[in-house]
Amino acid sequence: VGVRMCPPSASCTALAARRSIKMATSSRYLQNSKEQVLANLANFAYDPSNYQYLRQLQVIDLFLDMLTEENERFVEFGIGGLCNLCLEKQNKEYILQNNGVQAVLDCLSSSNEDTVLSAITTLMYLTTPLSRQEITAVPVIQCMLRFSLSKNKRLSNLANLFLEDICSADDVEKARNVQNHTALGIPLPKE
């Protein structure tokens, strides 16, 4: 019985496919490992006794960097970590000084519900007399008005809390009356 041989190009293709699968598996493993590390760091950020160590290890910078990643889980854990850290004064100041408000605002357009909820909460925690104007800009208030109409109770309740506790009644009214709604392009997160 003769052994059927694949043409050389087919064996090269099969070898390349096996290598691609191995690399993809390795890449997925690496992605999963990164997600696990970020999730653990975000959980450590919940405990104030870890704040000093997290600052020394520049974890706040890592969380800020994650907000611009393509991987939605990286963004979710990055904003979750910032949300856990930002109540502490030193952490809050660092985030504010490093363009953190804009990075957090960009998370409002995520399709991931947890990312959006953490972003809203983080914005509330980052509100200071100096950051209030940026956090309560008309497009942000319009976004919160839109979120307040969501069927998702967690999202609508948090958006309403933002509107009531962070925004002035005048600012909310002004945002309602603006002709060009700049937040209309922001999709509601998936439920």
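Predicted model: local features only at pLDDT ≥ 70, side-chain atom pairs only at ≥ 80, totals over all residues.
Let me begin with Asn-91, which lies in helix H5, residues 89-97. Asn-91 is buried, with a relative accessible area of 0%, where buried stands for under 20% relative accessible area, exposed for over 50%, and partly exposed for what falls in between, using a 1.4 Å probe and protein chains only. If we set aside the neighbours within four places in sequence, Asn-91 is in contact with Tyr-51, Arg-55, Ile-60 and Leu-85, and contact here means heavy atoms within 4.5 Å.

Residues are numbered from 1 along each chain as its sequence is written, and side-chain values use heavy atoms, with hydrogens and water left out.

Now the overall picture. The protein chain has 11 helices and 0 strands, and its pattern along the sequence reads α-α-α-α-α-α-α-α-α-α-α; helices (H or I, at least four residues) and strands (E, at least two) are DSSP runs, numbered from the N terminus. Of the 191 residues of the protein chain, 41% count as buried. Among contacts in the protein chain with a separation of 6 or more, 70% are between residues 24 or more positions apart.

Let us turn to helix H3, residues 59-66, where Val-59, Ile-60, Phe-63, Leu-64 and Met-66 are buried. Looking down the axis of H3, these buried residues fall within an arc of 160°, so they line one face of the helix, the arc being that of the directions from the helix axis to the C-beta atoms. As background, an α-helix has 3.6 residues a turn, so residues three or four places apart point the same way.

Which residues does Met-66 touch beyond its neighbours within four places in sequence? Met-66 is in contact with Leu-38, Phe-74, Val-75 and Gly-78, and Met-66 is buried, at a relative accessible area of 11%. The C-alpha atoms of Met-66 and Phe-77, which are 11 residues apart along the chain, are separated by 7.9 Å.

In the loop between helix H2 (51-56) and H3 we find Gln-58, which is exposed, with a relative accessible area of 53%. The phi of Gln-58 is near 60°, a positive value in a residue other than glycine, and Asn-99 likewise has a phi near 60°, this time in the loop between H5 and helix H6 (100-106).

Next comes the packing around helix H7. Helix H4, residues 72-85, packs with H7 at an angle of about 25°, their axes being 9 Å apart; such axes are lines fitted to C-alpha atoms, for helices over the stretch in contact, and angles run from 0 to 180 degrees between N-to-C directions. H4 and H7 are therefore roughly parallel to each other, given that angles under 35 degrees count as roughly parallel, over 145 as roughly antiparallel, 65 to 115 as roughly perpendicular and the rest as oblique. On the H4 side the meeting residues are Glu-72, Val-75, Glu-76, Ile-79, Gly-80, Leu-82 and Cys-83, and on the H7 side they are Asp-114, Thr-115, Ser-118, Ala-119, Thr-121, Thr-122 and Tyr-125. By type, the residues of this contact divide into 6 nonpolar, 5 polar and 3 charged, where Ala, Val, Leu, Ile, Met, Phe, Trp, Tyr, Cys and Pro count as nonpolar, Asp, Glu, Lys and Arg as charged, and the others, Gly among them, as polar.

H7, residues 113-126, also meets helix H10, residues 153-165: their axes come within 10 Å and cross at roughly 15°. H7 and H10 are therefore roughly parallel to each other. The residues that make this contact include Val-116, Leu-117 and Ile-120 of H7 and Leu-155, Leu-158 and Phe-162 of H10, and the whole set divides into 9 nonpolar, 1 polar and 3 charged.

Two buried residues remain. Ser-131, in the loop between H7 and helix H8 (132-135), counts as buried at 5% relative accessibility and touches Leu-96 and Leu-126, not counting residues up to four places away in sequence. Finally, Ala-175 lies in helix H11, residues 169-177, and counts as buried at 0% relative accessibility; Ala-175 and Ile-141, 34 residues apart in sequence, are 6.3 Å apart in space, C-alpha to C-alpha.
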